[in-house]
Amino acid sequence: FFALDISMLGLLPLPVGLSATLTAASAPPPAAALRLGGSDKPTVWSEFGALAAENPGAVNLGQGFPDWSPPDFVVAEAHAALDQGFHQYTRPAGHPSLASVLASRYSRHLGREVDAMTEVAITVGASQALFLTLQALLDPGDEVILLEPAFDLYYGQIRLAGGTAVPVPLQLDEQESQWRLDADALDAAVGPRTKFIVLNSPHNPTGKVFSAGEMEAIAEVVRRHPRVLVISDEVYKYIVHGEEASHQHFAALPGMGERTVTISSAGKTFSITGWQVGWCVGPPALVQPIQRLLPFVQFCVSTPMQQALGRVLSLADEPYRGKPSYYSWLCDMYADKRATLAAGLEAAGMRPLQGEGGFFLMADTSAIEVPQRFLQHTTPAAPLMTRDWALCRMLALEAGVIAIPCSPFYSAANKKRGEHLVRFAFCKSDETLRAASARLEGFVAASRGR
């Protein structure tokens, strides 16, 4: 019997079985759970967020957060909530005063009585509202239909809940630069495993507000398939600035109230994305499972923020800066900002696409040449480089403007649909929008002169 010097193992030939055993024994355990399925890998947000941080002089039209302070009445209510002593835990399913305000407002929106205790759940932002809805109501193997391009968060959350995303592309009318629903394709995508259709109006990333006719067409598909439910993501509901557009609550359509979870939040409406207060509204059969899940995620959403928001939502109905309400002023303000950015993009040789809501503008960049050095360069987040991604890297590094490529908003089979499209955020000051426009115009002009 002798002791083997383990340091010699690299020099000695080992039997195949022993080699495999030693390799397996010495290999570190996987760092991430298998169920993440790649969700922990670098993303478009990590890459372009890093580009913005590494280039502090760049104008950031990438992520959708305003670069101004919230309205004074919003900040005042936050101070009041703190001064009044709202510092401790509140009800896990939602601070009673905020839940009551939301129930009252949605009773008017939906044309039925909404119960504050059984039909409202308060969450840490709309992202958690979606996450918990899927976790509480989706079974492994269920399918969720997404209208593409779709916010990329949807795909990961569906996968984490054990579901499968089924994409149905919106159709881009090139002549009118308008996005349209293909109702026949939506109906054809419904199968025996379909559990949800996710509807996002106003829509991210396109800015599309679904028309009343399109909403009814979706409702008709749902009526034909009794098992199918709807998640209606309405975080931009108060930002509708198209002249002929208006927001419609999907759950208010005949027969849809019992089959819809409506999701929204306050961050986009009041420029308080850091407050992180969102909610789900729907029938008890759909919302109470979410309420029961909430204490396993966090005991409650921030109490003072909920207390303040219960007041803010109602105060915003009052006249504001010469407009009938804050909500009315908000729409007019964003209409002006969109027009400012659209004019700048046109001057830079891009074609702004139509959009009636939210604060994102999609532009066709087909007329801009992307050099091969950008097309051939890969990154951890884009191991298979697409034209739109390469173009956005070029704009960040050479023009000093951060924008977001469209291909991440498509599933793998449809990514080519986004190769010429880029998303710009216009929830920025007029000075920021003008500076970005000037940089883009100057960069494109210089590139064409080379």
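In this predicted model, Gln276 is partly exposed, with a relative accessible area of 37%. Its phi is positive, about 55°, although Gln276 is not a glycine. The residue sits in the loop between helix 9 and strand 10. Ser271 is found in the loop between helix 9 (267–270) and strand 10 (278–281). Ser271 also has a positive phi of about 55° and is not a glycine either. At a relative accessible area of 10%, however, Ser271 is buried. Most residues other than glycine have a negative phi, and most peptide bonds are trans.

Two cis peptide bonds can be described next. One joins Glu148 and Pro149, with omega about 5°. Pro149 belongs to the loop between strand 3 (143–148) and helix 6 (153–160). Another runs from Asn204 to Pro205, with omega near 20°. Pro205 is placed in the loop between strand 7 (194–200) and helix 8 (212–224).

The overall fold was then characterised. The chain contains 15 helices and 15 strands. Its radius of gyration is 24 Å, close to the 22 Å that the globule rule gives for 450 residues, so the chain is as compact as a globular protein of that length. Along the principal axes, the C-alpha atoms fill a box of roughly 85 × 60 × 50 Å. Of the 450 residues, 54% are buried. Among contacts with a separation of 6 or more, 72% link residues 24 or more positions apart. The accessible surface comes to about 19,600 Å², and carbon and sulfur atoms contribute 56% of this area.

An open sheet is built from four strands in the order 11-12-15-14, with antiparallel pairing. Strand 11 (351–352) and strand 14 stand at the edges. Each has a single partner strand, so one side of each is left without a neighbour in the sheet. Strand 12 (residues 360–364) is joined to strand 15 by five bridges, and the two run antiparallel. Within strand 12, Asp364 stands opposite Leu421 of strand 15. Strand 14 is also antiparallel to strand 15, through two bridges. Here Ile404 faces Arg423 of strand 15 as its opposite residue.

Strand 15 is largely enclosed by the rest of the structure, because five of its five residues are buried. In a regular strand the side chains alternate between the two faces of the sheet. Both faces of strand 15 are covered. Leu421, Arg423 and Ala425 are buried on one side, and Val422 and Phe424 are buried on the other.

Helix 14 (residues 387–399) was examined in the same way. Its 13 residues reach 17 Å from the first C-alpha to the last, close to the 18 Å expected at 1.5 Å a residue. Eleven of the 13 residues are buried, so helix 14 is largely enclosed by the rest of the structure. Just after helix 14, Gly400 takes a positive phi of about 75°.

Helix 5 (residues 125–137) also has 13 residues, which should span 18 Å at 1.5 Å a residue. The end C-alpha atoms of helix 5 are 19 Å apart, which agrees. Its buried residues include Gly125, Ala126, Gln128, Leu130, Thr133 and Leu137.

Two loop serines complete the description. Ser325 lies between helix 11 (303–315) and helix 12 (326–347). It is buried, with a relative accessible area of 12%. A polar atom of the Ser325 side chain lies 3.1 Å from the backbone nitrogen of Ser328. Beyond residues up to four places away in sequence, Ser325 touches Ala316, Asp317, Glu318, Pro319 and Tyr320.

Ser411 occupies the loop between strand 14 and strand 15. At 17% relative accessibility, Ser411 counts as buried, since the cut-off is under 20%. Not counting residues up to four places away in sequence, Ser411 touches Glu148, Tyr155 and Pro167. Glu148 is the residue joined to Pro149 by a cis peptide bond.

Note on methods. Residues are numbered from 1 along each chain as its sequence is written. This is a predicted model: local features need pLDDT of at least 70, side-chain atom pairs count only at pLDDT 80 or more; totals for chains, interfaces and linings use all residues. Side-chain values use heavy atoms; hydrogens and water are left out. The expected span of a helix is 1.5 Å times one less than its number of residues. Buried means under 20% relative accessible area, exposed over 50%, partly exposed in between (1.4 Å probe, protein chains only). A polar contact is a pair of N or O atoms within 3.5 Å; within protein, one must be able to donate a hydrogen and the other to accept it, and residues adjacent in sequence count only if both atoms are side-chain atoms. Contact means heavy atoms within 4.5 Å. The radius of gyration is taken over C-alpha atoms; the globule rule is 2.2 Å times the number of residues to the power 0.38. Accessible areas come from the Shrake-Rupley method with a 1.4 Å probe; for residues, only the protein chains shown count as cover. Two strands pair if DSSP finds at least two bridges between them.
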